[in-house]
Amino acid sequence: MTTLTLVQGDITRQSADAIVNAANSSLLGGGGVDGAVHRRGGPAILAECRALRASRYGRGLPTGQAVATTAGELDARWVIHTVGPVFSADEDRSALLASCYRESLRVADGLGARTVAFPAVSTGVYRWPLEDAARIAVDTVRATETEVERVTFVLFDERAHAAFAARL
Ligand code: AR6
């Protein structure tokens, strides 16, 4: 049984076994959550991301998939990087967004993580509408069989928090 909780704040200030990063395929950093994770987590995370690019993901981490690295100086054991889809009004990419949550939990299970913090994947630079993203995030985590005991959604601002609260 997984407990779902909500927090408003900065995900890089959370304490959890694993913190999920809203990354991009390059795994080499960016803005938003990704920028904050690498800034606060320090260079060890990027070093592992580069190694993953060189070994397993020469073409980048595909959208909807997830992979773990050290959490560097963050208050966590691992960062799980997942690549959300860019929102499209013409094409339904919901399955890919759901996959981010499912695959991140699968990776968390492989690591033995019991507490996982998620940001609202794809709702920033990738422009996914908040209410719809909240529905996909909450419903997917609820429907996923996992050993993770607590999932915390960490929402940066009041609007995102309200959208997730409404869905929960
Ligand atoms: N803690 C929690 N939530 C945050 C934080 C934070 N420190 N910073 C932003 N948010 P985004 P995406 C919220 O853009 O849409 C990057 O450049 C933000 O308000 O981080 O999946 C990557 O490298 C929004 O609600 O991720 C990719 O290129 C949510 O987190 C691209 O952005 C996600 O916003 C990924 O875009």
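Student: Which element gives the largest share of the shell around the ligand?
Tutor: The model is predicted: local features need pLDDT of at least 70, side-chain atom pairs count only at pLDDT 80 or more, and totals for chains, interfaces and linings use all residues. Residues are numbered from 1 along each chain as its sequence is written. Strand S2 (18–23) and helix H1 (32–41) each supply at least two shell residues (helices, H or I with at least four residues, and strands, E with at least two, are DSSP runs numbered from the N terminus). The largest share, 4 residues, comes from H1.

Student: Which residues around the ligand come nearest?
Tutor: The shell holds 24 residues, where a residue is near the molecule if its C-beta atom, placed from the backbone, lies within 6 Å of it. Those that come nearest are Ala22, Asn24, Gly30, Gly32 and Gly124.

Student: How many residues of the shell are charged?
Tutor: Ala, Val, Leu, Ile, Met, Phe, Trp, Tyr, Cys and Pro count as nonpolar, Asp, Glu, Lys and Arg as charged, and the others, Gly among them, as polar. The shell has 13 nonpolar and 9 polar residues, and the charged ones number 2.

Student: Which strands stand at the edges of the sheet?
Tutor: The open sheet has 6 strands in the order S1-S6-S5-S2-S4-S3, with mixed pairing (two strands pair if DSSP finds at least two bridges between them). A strand with a single partner has one side left without a neighbour in the sheet, so the edge strands are S1 (3–8) and S3 (66–70).

Student: What angle does H5 make with S1?
Tutor: Axes are lines fitted to C-alpha atoms, for helices over the stretch in contact, and angles run from 0 to 180 degrees between N-to-C directions. H1 lies across S2 and S4 (78–83), running at about 130° to S2. H5 (residues 158–167) packs on the sheet, touching S1 and S6, and its direction makes with that of S1 an angle of about 160°.

Student: Why are H3 and H4 described as oblique?
Tutor: H3 (residues 94–111) and H4 (residues 130–143) pack at about 45°, with their axes 9 Å apart. Angles under 35 degrees count as roughly parallel, over 145 as roughly antiparallel, 65 to 115 as roughly perpendicular and the rest as oblique. H3 and H4 are therefore oblique.

Student: How many charged residues does the contact of H4 with H5 have?
Tutor: H4 packs on H5 at about 45°, with the axes 9 Å apart. Leu130, Glu131, Ala134, Arg135 and Val138 in H4 meet Arg159, Ala160, Ala163, Phe164 and Arg167 in H5, where contact requires C-beta atoms, placed from the backbone, within 7 Å. By class there are 6 nonpolar residues and no polar ones, while the charged residues number 4.

Technical notes. Two residues are in contact if their C-beta atoms, placed from the backbone, lie within 7 Å.
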